[in-house]
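Here is a brief report on one protein chain. Have the sequence and the model open as you read.

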Amino acid sequence: MDVFRQLKRFYWVERRYLLSSIICLMFATALGLVYPNLLRYLIDDVIKPKDFDKVPMLALAVVGVVSLKGFMQFLHGFFGGRLGNRVTFRLRNACYEKLQTLSFQYYDKAKTGDLMSRLTADLEAIRQFIGFGFAQLLNVGLMILFGGAMMLSIDWKLTLITLVTIPFLAFTAIRFEKRIHPAFREMRQAMSNLTTAVQENITGVRTVKSFAREPYEVDKFAKRNEQFQANQIGASSIWAKFFPSMELLANLSVVILLVAGGTLVIRGSLTLGELVAFFSMIWYIIGPMWGIGFHINNYTQSKASGERVMELLNTHIHVQSIENAVEFDKEMVRGHVRFNNVTFNYPDNAPAVSNITIDAAPGKVVGLLGATGSGKSTIIQLLMRAYNVKTGSVTLDGVDVQNLDVQSLRSQIAPVFQETFLFSASIKTNIAYGERDVTDEQIIRAAKLAKAHDFIMELPEGYETIVGERGMGLSGGQKQRIAIARALIRNPRILILDDATSAVDMETEHEIQAGFKELMAGRTTFIIAHRISSLRHADEIIVLDKGHIVQRGTHNELIAQHGPYRETYNIQYADRPLANLDSSQPERKRSVVQ
Ligand SMILES: Nc1ncnc2c1ncn2[C@@H]1O[C@H](COP(=O)(O)OP(=O)(O)OP(=O)(O)O)[C@@H](O)[C@H]1O
């Protein structure tokens, strides 16, 4: 029940629907108890004394009871449906909001398929239980209570004898719940593994097909499917083991009633009508007991699902704004970025960057160069506070980024990453992504600066062309140009170009960079590049090796020194040796850029 206590904040606000649904079900249940009494009346007071004039009235009473009961059941379904939908609506929103606040550290390990299954199948199981299962489980108790009370009022001894098996039945039901719950939990996990396999296969379909790894994928899926099947069979065998015993115990009551009640009727201490009423009332108790397996099943599934949803909602957020965090006024931000002796390691890893000190004055351009894995992107991630720095500090205009409101910090920064993600929406929406009050003129201007306008205009529907979630139909370079336009439209104080022009040819890069000049004016810019041509105009170029700064200076200063920068330059400009390089330059051993 702990899970449902935790879920209370989602369903308690809807308690009027919960109560209405329960009350209507109680009414329907109570009306159901009128049947056995009508039967008793029919046998004892109509058939026996042959007083058949009462039959029409009795028939009308049955119609009335049936209609009212049906109406109550309808209302129960109506309120229950509303309740379930509203609760899952809130839960779905809460989960989605949580997904937005979770830090990069969480997403480093998160599995999309697993998250999808929490937001769909698990929420559905919760909806079923909160909407209907809970009221029905409560109804089981009510039916036993009402039915038992009525039976006791007719003949308490016969009631006790008849219901002697009920405690055993309850005991078996509880044991069943204990066994089936872990089985369901495993089943949910197996289901999410299946979803993950499908999702990864679709996302990585190009890799799968290019490597002709379809059989491997089929195999991988088959194994997970087998696991799911094994879990289902496991749950079915628990079911198969317990269900017959529960049914046997339930039916034993009927046998006891027939023997004991029949004897009482023969002896004349019970009327025939009372026995028939008893007989139909016992189903009032056995019926729910019989269905208890189903209700427990429903309850257990939703409990397992509730645990998975609550686990997501309770996930620790590593990066979030502190209380009274500083919020910058966009107009006032200057964009002065400093890294003060920063050392950072990803969880359970060796430091990715060590003793990093950078002073990027407002409007300056800092270039980061280094071999793959040397820590360039990590520096950018720390600036955006994707992770918390523990040693040293990163400041923006003198304020430690950890004391800044996360939204406020990130809204000053516009990044263009190596890989561009395009949403399944129009190009226009992708460029304006999330920015309100953006005019078409602004979008076109940004696209022109990013050298995207011409190819967009060649598309069948221009800016209205819908692109797929991975930007299907666009080349890598075209996607990157849209991403650049997207960054430009934000008019940021700090611009980050993380290998932003890697997918375009040299000529286009040159053109885009001409646009960048205008764009970078007055903005602090960090350029990560593998090509020296991308960052040679930077005010300071920082050369990294295994997380350490090994060289820093302007292009001309670095080119005049022996070191990895010049080696890289020599490799990239092999056919254009620089006049001022000395002839005794070291062998072109290894480029820092791989
Ligand atoms: N999310 C992460 N979790 C754990 N380790 C990471 C993570 N991201 C990067 N690393 C590790 O940190 C180190 C620096 O990586 P980083 O991405 O900063 O390098 P980079 O210089 O940007 O490389 P590239 O040029 O290939 O983009 C590498 O050893 C990498 O394996």
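Just after helix H13, Arg385 takes a positive phi of about 55°. Helices (H or I, at least four residues) and strands (E, at least two) are DSSP runs, numbered from the N terminus. This is a predicted model: local features need pLDDT of at least 70, side-chain atom pairs count only at pLDDT 80 or more, and totals for chains, interfaces and linings use all residues. Residues are numbered from 1 along each chain as its sequence is written.

**Two positive phi angles**

Most residues other than glycine have a negative phi. Arg385 is not a glycine, yet its phi is positive. Arg385 sits in the loop between H13 and S4. Lys546 is the other case here: its phi is positive although Lys546 is not a glycine.

**H13 and the ligand**

H13 spans residues 376-383, and seven of its eight residues are buried. Among them are Lys376, Thr378, Ile379 and Leu383. H13 also gives the largest share of the shell around the ligand, three residues. A residue belongs to that shell if its C-beta atom, placed from the backbone, lies within 6 Å of the molecule. The shell includes Asp108, Tyr346, Asn349, Gly370 and Lys376. By type, the shell has two nonpolar, eight polar and two charged residues. Ala, Val, Leu, Ile, Met, Phe, Trp, Tyr, Cys and Pro count as nonpolar, Asp, Glu, Lys and Arg as charged, and the others, Gly among them, as polar.

**Strands**

Two strands pair if DSSP finds at least two bridges between them. Strand S11 covers residues 540-545, and five of its six residues are buried. S11 pairs with strand S3 (residues 365-370) in the parallel sense, over five bridges. In that pair, Val366 stands opposite Glu540. S11 also runs antiparallel to strand S12 (residues 548-553), again with five bridges. There Asp545 stands opposite His548. Two residues lie between the strands of this hairpin, where Lys546 has its positive phi.

A separate topic is the open sheet of four strands, in the order S2-S1-S4-S5, with antiparallel pairing. Its edge strands are S2 (351-360) and S5 (399-400), each pairing on one side only. S4 (residues 391-396) and S5 share two bridges. Leu396 stands opposite Val399 in S5.

**Domains and cores**

The domain assignment, automatic or from a database, gives domain 1 (2-313), domain 2 (330-412 + 495-594) and domain 3 (420-491). The centres of domain 1 and domain 3, taken over C-alpha atoms, are 51 Å apart.

A nonpolar core is a set of buried Ala, Val, Leu, Ile, Met, Phe, Trp, Tyr and Cys residues joined through C-beta atoms within 7 Å. The largest has 68 residues, and Ile431, Ala446 and Ala485 have the most contacts inside it. Helix H18 (residues 476-489) gives the most to this core, seven residues. Domain 2 and domain 3 both give residues to this core, so it lies between them. A second, separate core has 34 residues, including Met191 and Leu312.

Notes
Buried ≥ 20, exposed ≤ 12 C-beta atoms within 10 Å, placed from the backbone.
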